[in-house]
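Please read them with the coordinates open.

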Amino acid sequence: MPNDTGNALETITRWLLQRKPELTNIPPDLDLIENRVLDSLSLVEFLFLLEQETGTSHDPESLAVDDFRTLRNIEKRFLASR
Amino acid sequence: MRDRIGVDIVSVARVQALLDLHGGELARRLLTKRELRDSTGVQGLLAHSVAGRVAAKEAVFKLFHEPAALLPWTHIAVVRGPSGAPVVRLTGRALTLAEESRLGPVSLSTSHDEGYAIAFATAALLPGSRSDG
C-alpha cells in the first residue's frame with residue numbers, strides 16, 4: 001500500500017540518514033550525490049524504495065541523476081504528482 | 001589518440017547485505033538473465049560474483065564520461081569469454097553512450113581479495129571523437 005506524500009518523504013529521509021549516520025538531518029537542497037549519500041549502487045536500492053513507497057514503477061531510462069540530486073528534486077519528481 | 005579508463009571497487013559485504021534484504025528483485029535490476037545464471041551457485045546468488053559484476057559495470061560506465069546519466073545496469077553485460085577473461089557486451093542505452101563517446105572495444109579486468117571486488121576498464125577513443133580532459 002503506497003504511503004501518502006508526507007509519510008513517504010519521512011521514510012525516504014530516514015533511509016538516507018541511515019546511510020550517512022554523521023548527518024542529523026537532510027536539508028532539502030543538500031547535494032546527495034556530491035556528499036556521497038547516494039551512489040550508483042544505492043540509487044538502484046533507493047529507486048526500489050521509492051517504488052514501494054509510491055506504488056509507482058519507473059523506467060530507469062526515463063530518469064536522470066538530477067532527479068535524485070536533492071530531497072527537493074526527489075519530492076518534485078516522484079512525490080508531487082500523488 | 002587518448003584512451004579512457006574506468007575503475008571501481010565494491011565491498012562484497014555490501015552486496016551480500018543488499019541480496020539478503022532484497023534478494024532476486026534487486027539483482028534482476030542489476031544483472032542480465034545470463035549474468036544472474038552465471039552468478040548463481042548451489043545456495044543462490046553469489047555475492048562475490050555479483051560484486052565483481054557491479055564493479056565491472058561501474059568501471060565501464062565511467063568510460064562514457066556521462067555524469068548526468070544513470071548507470072544502465074542491464075545494458076552492460078559482463079560474461080566470461082573463451083579464455084576465461086571477462087568480456088563486456090553493450091546493448092541499448094549503454095551502446096548508445098559508447099557510440100556517442102566514439103569508444104572502441106572495451107577491455108576489462110577484475111579481481112577479488114579481502115572482501116572486495118575491483119574492476120578496471122579501458123577503451124580507445126576512435127577518430128572523430130570530441131577531445132576532453
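1. In chain B, strand β4 (residues 76-80) and strand β5 (residues 86-90) run antiparallel and are joined by five bridges. This is a predicted model. Within the pairing, Ala77(B) stands opposite Arg89(B) of β5(B). The two strands, β4(B) and β5(B), form a hairpin with five residues between them. In the turn, Gly84(B) has a positive phi of about 95°.

2. The interface of chain A and chain B buries about 1500 Å², with 63% of that on carbon and sulfur atoms. On the chain A side, Leu41(A), Val44(A) and Phe48(A) supply 44% of the area buried against chain B, more than any other three residues. The contact involves 17 residues from chain A and 19 residues from chain B.

3. Polar and charged links also cross this interface. The rule finds six residue pairs in polar contact there, both residues being at pLDDT 80 or more, and two salt bridges. A salt bridge joins the side chains of Glu51(A) and Arg29(B) (2.6 Å, N to O). On the side of chain A that touches chain B, α2(A) gives the most, with nine residues. The residues of that side divide into ten nonpolar, two polar and five charged.

4. Asp39(A) deserves a separate look. It lies in the loop between α1 (5-19) and α2 (40-54) of chain A. With a relative accessible area of 15%, Asp39(A) counts as buried, because the limit is under 20%. Its side chain makes a polar contact with the side chain of Arg14(B) (2.9 Å). Neighbours within four places in sequence aside, Asp39(A) is in contact with Arg19(A) and Arg14(B).

5. Over all chains, a search of the whole structure finds 15 salt bridges. In chain A, the side chains of Arg72(A) and Asp29(A) meet in one of 2.7 Å, N to O. Arg72(A) lies in helix α3 (residues 71-79) and Asp29(A) in the loop between α1 and α2, so the pair ties together parts that are 43 residues apart in sequence. Arg72(A) is partly exposed, at a relative accessible area of 44%.

6. A further salt bridge in chain A is that of Arg69(A) and Asp31(A) (3.3 Å, N to O). Here the loop between α2 and α3 holds Arg69(A) and the loop between α1 and α2 holds Asp31(A), so parts 38 residues apart in sequence are tied together.

7. In chain B, Arg28(B) forms a salt bridge with Glu25(B), the closest N and O atoms being 3.7 Å apart. Both residues lie in helix α1 (residues 12-30) of chain B, three residues apart, about one turn of the helix. Elsewhere, a network of salt bridges links Arg34(B), Glu35(B), Asp38(B), Arg53(B) and Lys57(B).

Methods: Residues are numbered from 1 along each chain as its sequence is written. Chains are lettered from A and ligands numbered from 1 in the order in which they are written. This is a predicted model: local features need pLDDT of at least 70, side-chain atom pairs count only at pLDDT 80 or more; totals for chains, interfaces and linings use all residues. Side-chain values use heavy atoms; hydrogens and water are left out. Helices (H or I, at least four residues) and strands (E, at least two) are DSSP runs, numbered from the N terminus. Buried means under 20% relative accessible area, exposed over 50%, partly exposed in between (1.4 Å probe, protein chains only). A polar contact is a pair of N or O atoms within 3.5 Å; within protein, one must be able to donate a hydrogen and the other to accept it, and residues adjacent in sequence count only if both atoms are side-chain atoms. Contact means heavy atoms within 4.5 Å. Buried area is the accessible area (1.4 Å probe) that two parts lose on being put together, summed over both. A salt bridge is a side-chain nitrogen of Lys or Arg within 4 Å of a carboxyl oxygen of Asp or Glu. Ala, Val, Leu, Ile, Met, Phe, Trp, Tyr, Cys and Pro count as nonpolar, Asp, Glu, Lys and Arg as charged, and the others, Gly among them, as polar. Two strands pair if DSSP finds at least two bridges between them.
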